[in-house]
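Please read the following points with the sequence and the model open beside you. They are arranged from the whole assembly down to individual packing contacts.

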Number of protein chains: 2
Amino acid sequence: MTDSRTEIGTIGEFGLIERIKTLTTVTNKNTLLGIGDDAAEILSSKENMLVSADMLVEGTHFDLTYMPLPHLGYKAISINVSDIAAMYGTPEQVLVSIGLSNRFSVEAIEALYEGINAACKDFSIDLIGGDTVSSPSGLIISVTVLGRTFNGTSVRRNGAKPNDILCVTGDLGGSFIGLQVLEREKQEFSANPDMQPQLEKYQYPVQRQLRPVARMDVVNKLRELKIVPTAMIDISDGLASEALHLAKASGVGVRLMEENFPIDNLVFETAMEFKIDPTTCALHGGEDYELLFTIKQDDFKKIEKHPDIHFIGYIQPENEGNILISKQKNVLPLEVRGWAHFDNT
Amino acid sequence: MTDSRTEIGTIGEFGLIERIKTLTTVTNKNTLLGIGDDAAEILSSKENMLVSADMLVEGTHFDLTYMPLPHLGYKAISINVSDIAAMYGTPEQVLVSIGLSNRFSVEAIEALYEGINAACKDFSIDLIGGDTVSSPSGLIISVTVLGRTFNGTSVRRNGAKPNDILCVTGDLGGSFIGLQVLEREKQEFSANPDMQPQLEKYQYPVQRQLRPVARMDVVNKLRELKIVPTAMIDISDGLASEALHLAKASGVGVRLMEENFPIDNLVFETAMEFKIDPTTCALHGGEDYELLFTIKQDDFKKIEKHPDIHFIGYIQPENEGNILISKQKNVLPLEVRGWAHFDNT
């Protein structure tokens with residue numbers, strides 16, 4: 001990247017596509033044809049295809065005052081890969097469509113693709129197509145990810161059975177706390193533009209918000225251990241919402257134990273600084289892109305010691321409902337809470 | 001549809017997704033899992049997968065003052081199917097992501113999906129996923145289409161050889177003329193809101209603009225006749241632009257004959273009414289979504305009499321350039337013309 005600014009109009013849409021194409025390398029053996037024809041072509045195999053799409057819109061999903069474009073590009077790919085991970089699949093290709101106004105220079109688009117390409121490299125996937133269009137207002141990024149099942153098996157949301165153990169990867173609530181830190185810095189900066197942002201101290205939660213990493217590492221570990229979860233979902237909207245989705249799809253109830261929720265120390269402290277209950281962040285914060293899954297009791301021993309897999313509850317019969325056992329051993333109903341009601345906690 | 005207005009906020013994002021899901025039926029035998037999990041799942045076969053994406057943005061690609069939402073939904077699917085048709089493929093599934101502001105009611109979204117579903121039915125494809133997000137400003141529709149090769153063969157842009165015959169389906173320039181009619185009506189209406197739109201007379205070009213139909217019928221006919229084009233592309237940006245893409249990818253030149261360009265009578269007359277050269281509409285108008293393809297001379301006899309396939313030129317060696325033979329037998333260079341220069345014709 002340089003500091004110069006090239007207007008998109010000077011190279012045109014086809015010029016921009018050519019530029020994006022030169023930044024792109026095709027490495028996945030199953031990609032037969034990438035960018036440049038009417039459609040891309042992908043090699044068939046015995047495995048079924050998995051496909052998912054997510055759209056990110058400026059002003060709704062990201063704020064470019066604190067979201068660097070390479071991070072945004074990385075995040076757009078990572079959150080899609082997370083959907084394939086949540087099916088126990090292997091991601092292979094992405095298509096990225098972007099809508100952008102003339103506020104964006106060619107260099108800005110290259111910065112966005114720098115992040116997209118970094119994520120493609122990290123997850124061994126190819127950018128094989130998409131669209132580049134003019135938008136009257138903000139930036140829009142629409143990603144479709146393609147993947148493949150592993151050993152003919154996909155893990156859906158609907159296979160959890162009573163007595164299965166509920167597992168979650170990584171830690172929860174960090175992304176939401178990172179967002180609070182960034183929003184506070186933005187407000188302080190707009191009040192006093194000479195101020196330097198104080199983000200070093202909050203690096204972990206900020207990174208969770210800006211550059212989440214899909215948990216393909218955990219999926220690969222589960223495969224290695226020959227553990228096929230009975231149900232799985234990724235955490236984009238918060239643990240409570242996802243646990244309820246999984247329970248509903250499986251026709252069961254969930255029993256969550258607050259004392260087992262994995263919350264990073266810095267995230268915990270920062271939540272306290274913001275006077276927000278850390279458990280509320282874990283339950284309702286969202287954007288953690290961790291995996292929530294259920295395993296049979298028999299598989300527990302195989303992953304008991306895994307440092308990044310946490311056992312946060314059990315599946316129970318549907319008629320026992322969806323409940324949360326608090327640290328004080330109170331039995332609370334598990335509910336999705338809109339952020340409008342956040343102040344009532 | 002009813003005249004009532006339900007705010008999206010009253011049913012929420014999940015409510016909206018549920019509503020969309022109930023409007024959707026899965027009929028393609030290769031769709032194993034549609035909307036409702038982290039990803040959709042598609043059955044593997046011996047055929048390779050084809051995939052393409054297009055994004056439509058309000059204010060850039062459509063104007064809701066004259067574009068009815070069901071037509072917009074239909075068009076969004078049809079133009080994506082056209083990309084699979086241009087690969088000689090069979091479309092099977094689509095993912096549709098929409099970004100929308102609270103200007104849109106639940107009923108408006110249902111009207112959009114009415115068109116999406118009508119197109120899915122017409123092309124025997126399933127809506128299997130996507131995303132529904134809030135957008136601060138206009139409507140955004142991002143579609144990804146998945147398809148499959150036919151008999152292990154995809155037709156790309158790069159296979160044309162000298163002496164191949166250049167064919168085009170349907171007729172050209174209609175969509176551009178339809179747009180001119182709609183823009184004129186919009187201006188007259190804004191000058192005099194009591195005026196009734198006068199569109200009956202222009203039904204054909206207006207329909208070409210509002211509700212284009214991907215030419216799967218022609219692809220199916222070619223398959224039936226065992227004709228595999230040597231190269232193919234769909235006409236989204238105008239004949240000149242697409243012919244040059246095909247020539248460049250194939251490393252050849254094209255020789256177009258104006259006298260053979262298929263232009264509908266009403267389109268011709270309306271172009272004259274607008275004082276626009278009909279040939280210019282065919283060459284540079286775009287959005288016709290017809291197919292441009294090349295065949296070997298040996299295949300000519302098989303489709304010579306097809307009423308909807310027209311023979312508009314030849315492939316020649318690259319060093320003979322890309323040329324247009326005018327009706328007056330003048331030899332002109334074939335160039336892409338931006339609409340900024342349109343007045344100079």
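1. A rotation of 180° with 0.0 Å of shift along its axis superposes chain A on chain B, with an RMSD of 0.0 Å. The two copies are thus related as by a two-fold rotation axis. Copies are superposed by least squares on the C-alpha atoms of residues with pLDDT of at least 70 in both.

2. This is a predicted model, in which local features need pLDDT of at least 70 and side-chain atom pairs count only at pLDDT 80 or more, while totals for chains, interfaces and linings use all residues. Residues are numbered from 1 along each chain as its sequence is written, and chains are lettered from A and ligands numbered from 1 in the order in which they are written.

3. How many residues does the contact take from each chain? It takes 49 residues from chain A and 49 residues from chain B, where two residues are in contact if their C-beta atoms, placed from the backbone, lie within 7 Å. Strand 3 of chain A gives the most to the side of chain A that touches chain B, with 8 residues. By class, that side of chain A has 20 nonpolar, 18 polar and 11 charged residues. Here Ala, Val, Leu, Ile, Met, Phe, Trp, Tyr, Cys and Pro count as nonpolar, Asp, Glu, Lys and Arg as charged, and the others, Gly among them, as polar. Of the interface residues of chain A, 100% are also interface residues in chain B, so the copies meet through the same surface.

4. Strand pairing also crosses between the chains: strand 3 of chain A and strand 2 (residues 40–42) of chain B pair in the antiparallel sense over 3 bridges. Met49(A) has Ile42(B) as its bridge partner in strand 2 of chain B. Two strands pair if DSSP finds at least two bridges between them; helices (H or I, at least four residues) and strands (E, at least two) are DSSP runs, numbered from the N terminus.

5. In chain B, 7 strands form an open sheet of mixed pairing, in the order 8-10-7-11-9-12-13. Strand 8 (231–234) and strand 13 (331–333) of chain B stand at the edges with a single partner strand each, so one side of each is left without a neighbour in the sheet. Strand 8 of chain B pairs with strand 10 (residues 291–295) of chain B in the antiparallel sense over 4 bridges, and Leu292(B) is the bridge partner of Ile233(B).

6. In chain A, strand 11 (residues 309–317) is joined by 5 bridges to strand 7 (residues 165–169), and the two run antiparallel. Leu166(A) has Gly313(A) as its bridge partner. Strand 9 (residues 252–257) of chain A also pairs with strand 11 of chain A in the antiparallel sense over 5 bridges, and Val254(A) stands opposite Ile315(A).

7. Helix 1 (residues 8–22) and helix 3 (residues 106–122) of chain A pack at an angle of about 20°, with their axes 11 Å apart. Axes are lines fitted to C-alpha atoms, for helices over the stretch in contact, and angles run from 0 to 180 degrees between N-to-C directions. Helix 1 and helix 3 of chain A are therefore roughly parallel to each other; angles under 35 degrees count as roughly parallel, over 145 as roughly antiparallel, 65 to 115 as roughly perpendicular and the rest as oblique.

8. The axes of helix 2 and helix 3 of chain A come within 7 Å and cross at roughly 40°. Helix 2 and helix 3 of chain A are therefore oblique to each other.
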